[in-house]
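The sequence and structure are shown first, and the description follows.

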Amino acid sequence: MIAPPSFLQERNAIVALLDSLERAQVRIDLVQPHKQGAAGEWDPRAGTLRIRPDVVEKGSEEFAKVLNHEAIHVAQSCGNGNLRAAPRPLGLTTRMDARLERNLDEPIYAKASPSEQVLEREAYANQHHLELGRALVESHCLS
């Protein structure tokens, strides 16, 4: 392959995001999330972010997106008072394309409350903005 992708942007985003989450005292475990079918989950009561190990194996691009999605949930908790608070919407855009919209039709969200749906919409709609998760953690959890 001539000029293979370097994924430098994704790798830099991962490093910066892991640093911000560590400074916010978020524990990150590469384990199967408690929610069946989830690639990752934020558990504010435990202050723990869980990511399936196979997400890392899928490469920098997928890991950066999942880590960023979960970091948005961390910021949603901090935005409600502190790291261990129940998440609340931050007022981010919830507009997303049809491909991302289909994620919310997955069985994992079948029993989600309307408020949980809003939290997930915010995270899905913004997960591709790799600098956003770090900025939100820094402004809501570290300021």
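## Pockets and disulfide

In this predicted model, the lining of the largest pocket draws at least two residues from each of strand 2 (40-43), helix 3 (60-78), helix 4 (98-101) and helix 5 (114-126). Helix 3 gives the largest share, with 7 residues. The space in this pocket amounts to about 870 Å³. Its lining comprises 37 residues, of which G40, H69, E70, Y109 and E120 are the closest to the centre.

The second largest pocket is lined by Q9, E10, E61, K65, R99, L100, Q127, H128 and L130. Two or more of these lining residues come from each of helix 1 (8-23), helix 3 and helix 4. Helix 3 and helix 4 also each supply at least two residues to the lining of the largest pocket.

The volumes and the classes of lining residues are set out below.

The structure holds 1 disulfide, which joins C78 to C141 with an S to S distance of 2.0 Å. Because C78 belongs to helix 3 and C141 to helix 6 (residues 130-141), the pair ties together parts that are 63 residues apart in sequence. The link of C78 and C141 is right-handed, with 105° about the S-S bond. Both C78 and C141 are buried.

Key: Residues numbered from 1 in each chain as written. Predicted model: local features only at pLDDT ≥ 70, side-chain atom pairs only at ≥ 80, totals over all residues. Heavy atoms only, no water. 1 Å grid on protein atoms, 1.4 Å probe; cavity = no way out; pocket = protein on both sides within 12 Å on 5 of 7 lines; lining within 4 Å. Points joined across faces, edges and corners; volume = space filled by probe spheres on them. Helix = DSSP H or I, 4+ residues; strand = E, 2+ residues; numbered from the N terminus. Disulfide = S-S within 2.5 Å. Buried < 20%, exposed > 50% of the residue type's maximum accessible area, 1.4 Å probe, protein only.
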